[in-house]
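These are my notebook entries on a structure I went through chain by chain.

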Amino acid sequence: MAIGSYALERLLRWARAKSPWLLHLNAGACCNGCDIELVAALTPFYDVERFGIKLVGSPRHADILAIVGGVNKQMEERVRRIYNQMPEPKVVIAIGTCSVDGGAFNGAYNVVGGVDKIIPVDVYVPGCPPRPEAIIHGVYLALRKLYGGDFLGKKR
Amino acid sequence: MAITILPFGPQHPALAEPEHFRFKVDGEVIVDVEVKIGYLHRGMEKLMSTKTYVQNIYMSERICGICNVAHTTCYVQTVESLAGLEVPKRAQFLRVVVNELARIHSHLLIIGLAAHEVGFETMFMWIWRDRELVMRLMEELTGNRLMSAYNTIGGVRRDVDEKVISALKKACTTLRESFLQIRKVFLEDPLIRTRFVNVGLLKSRDAIARSAVGPVARGSGIKTDVRADDPYQAYKDIPINVVTYKECDSWARMMVRVDEIFECLRLIEEALENLPSGEVRIPVSRKMPEGEAIGRVEAPRGELLYHIISKGGEKPYRIKIRTPTFSNLYPIVATFIGETIADIPVILISIDPCFCCTDRMEFVDVNSGKVWYMSTSEIKRKYWR
Amino acid sequence: MERKGNDLLDKLTGIIGPLGKVERRGPKRYYVYTSSENIKEIVNKLLKELGDCYISAITGVELEDCFRVYYHIWNFTESVLLSIITETSKEKPEVPSLTDIIPGAIFHENEAYDLLGIKFIGHPNLRKNFVLPDNSPPDFFPLRMSQSKRGES
């Protein structure tokens, strides 16, 4: 469909940025701290749902993959598989120091290291654990990437 | 009907770490369960034996982010008994305050998630709003929301001032009113009662034989609590009431947690009321003597045990950590048998698993060998009536 | 409630008798040194004379010349933690399983087998790679001293 394909593309981009679905994955070498801070970001005090973000259970439905924790040997293959199951376009957020580079667990026998050793990462959110505000900022950066520019009113 | 294998996990829902269960189901009814743990295995015990005692405070904190205060308390207490140290009284009382605050936050978290599991979203949001108040108190008291690093060998890192004490006391009053409402919902709400009552029965005899700990054991009517049986820190000076329920089902296990929150509030108020004056920290040598020590702490999920073997020097020779969920897993695995697929999330959440793997499941049909996936939300949709 | 230290020590020594040596290691902490063939008998006697017990943890540790296994058992009636200690050779690390007396030991024993390679005789389902990744080799025991920090031997 040649006519209107630009308009259609713009519409799709707008729709994606306004209702991104987020999959939360714990990659193994994690202590849970970032998990609960991510959930706290979804609850009334911080509320990322005002960006239209919804937590989903299946990688097939997700636009954003939020990974917490470094990757351990048991989850290595599973992280790759879950990433491959997600439809394009997809954005990966690495939340917490462990998922950025392995953090405190570097050197343990069952730990591979940061998430970017396994799959490409778009946004890094450091912190141990990062505050919900930092996670929301990370999500915002991911949305910008998904939209291809600043979607909060400014021109691209 | 043919028996179907239903693998459960390793990827999961709102909260949670990956874990894998393999349910054999006959139609809707579970006939056998097999567990594969270790999706979160990092090799902490080995890693901790290569680090010094001071570094290990931070490592023990990162075993579990939710009960990090219980982990550091237990680690620090074990090292102190290894070295034969007596911690200042004020520090002991402050440890009680921070432990109970962490227990409230952990219990609220799991009660909220339990409401979320049965589809009671309003309750989930409501509880997590109150939990945020507790997190702010933690931040005011320790300097961080979650990973507080409050305990250290020989005492605690920060003293409290009048401002923090009055903020804590004020918050206790507000929280108590709010929790009375939550308790009322758990006692009376038909949605909660239909999903929780008589689901996942664990008889007292079985709970003892299968070595259940913490709220799981207390929900089966066993009066066991490390704070009462084997008092540590200032629990020697503040007597606690052990909450038990005799119903033995998932509802009883949740009610133990709901009632314990009131007990936590009372303990915080009492500890702040009787807070002794003086030092909060004593200087400690980096090197520890040769020997062994066992420390036990009542973490939010049950008994936590550290066993440290030292051969002298700056580093421990071996640290054994037994976390409560590891103990509670086997008792609960047996209670799945005879229940239906729709009850799996409820039973799992009722042990407050430090992993809760409830999001995606893989279904294998034995006859055709076909595998398909299903998320908890889909299961909810499909099986809810 | 715990009685006076020596009182309970005498009682425990009376129960265990010649099967092992009881030692007091602090408030509510008792060590019982024994050899591996006596463990089951000791636990049976403790259950009979003292009442309900649950298994709190099993520690396995590699020393210079042997493996040492600690069975930490908590008793409800006396409120006391008994650590039953036994040693086994490095060439053939084998100790009896407690699963037929206290079924709750099943996961603890499996973990000790997985990480240290101590065999529990009589365990119904001793699996390798219980906590370790599925693809780790069957002779990989990370907590042994011969294994380096990173896991390469």
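**Entry 1: overall layout of chain A.** I note at the outset that this is a predicted model. I began with the secondary structure of chain A, where I find five helices and eight strands. Reading from the N terminus, I wrote the order of these elements down as α-β-β-α-β-β-β-α-β-α-β-β-α.

**Entry 2: dimensions and packing of chain A.** I then looked up how the radius of gyration of chain A compares with that of a compact globule: for 156 residues the globule would have a value near 15 Å, and chain A has 16 Å, so the two agree. Along the principal axes, I read a span for the C-alpha trace of about 55 × 35 × 25 Å. Of the 156 residues in chain A, 52% are buried. I also checked the contacts of chain A with a separation of 6 or more, and 80% of these are accounted for by residues 24 or more positions apart.

**Entry 3: strand 1 of chain A.** Is strand 1, residues 21-26, mostly covered or mostly open? I find that five of its six residues are buried, which puts the strand down as mostly covered. I went on to its pairing, and recorded that strand 1 runs parallel to strand 3 (residues 54-56), to which three bridges join it. Within that pairing, Leu23(A) has Val56(A) as its bridge partner. Strand 1 also pairs with strand 4 (residues 64-68), again in the parallel sense, over five bridges. Here I picked out Leu22(A), whose bridge partner in strand 4 is Ile64(A). As a reminder to myself, side chains in a regular strand alternate between the two faces of the sheet.

**Entry 4: cis peptide bonds in chain A.** One joins Glu88(A) and Pro89(A), with an omega of about -10 degrees, and Pro89(A) sits in the loop between helix 3 (73-85) and strand 6 (91-95). Another runs from Cys128(A) to Pro129(A), with omega near -15 degrees; I place Pro129(A) in the loop between strand 8 (123-125) and helix 5 (132-147).

**Entry 5: positive phi in chain B.** Ser211(B) is one of them, with phi at about 60 degrees, and I find it in the loop between helix 8 (204-209) and helix 9 (214-219). Is Ser211(B) buried or exposed? It has 26 C-beta neighbours inside 10 Å, and therefore counts as buried, the cut-off being 20 or more. Cys248(B) likewise is not a glycine and has a positive phi, of about 70 degrees; its loop lies between helix 10 (226-229) and helix 11 (250-273).

**Entry 6: domains of chain B.** The domain assignment that I consulted for chain B gives domain 1 as 3-40 + 335-383 and domain 2 as 44-322. Between them, I find 14 residues of domain 1 in contact with 20 residues of domain 2. Which element gives the largest share of the domain 1 side? I find that helix 13 (residues 344-350) does, with five residues.

Notes
Residues are numbered from 1 along each chain as its sequence is written. Chains are lettered from A and ligands numbered from 1 in the order in which they are written. Helices (H or I, at least four residues) and strands (E, at least two) are DSSP runs, numbered from the N terminus. The radius of gyration is taken over C-alpha atoms; the globule rule is 2.2 Å times the number of residues to the power 0.38. A residue is buried if 20 or more other C-beta atoms lie within 10 Å of its own, exposed if 12 or fewer, and partly exposed in between; C-beta atoms are placed from the backbone. Two residues are in contact if their C-beta atoms, placed from the backbone, lie within 7 Å. Domain bounds come from an automatic or database domain assignment. Two strands pair if DSSP finds at least two bridges between them.
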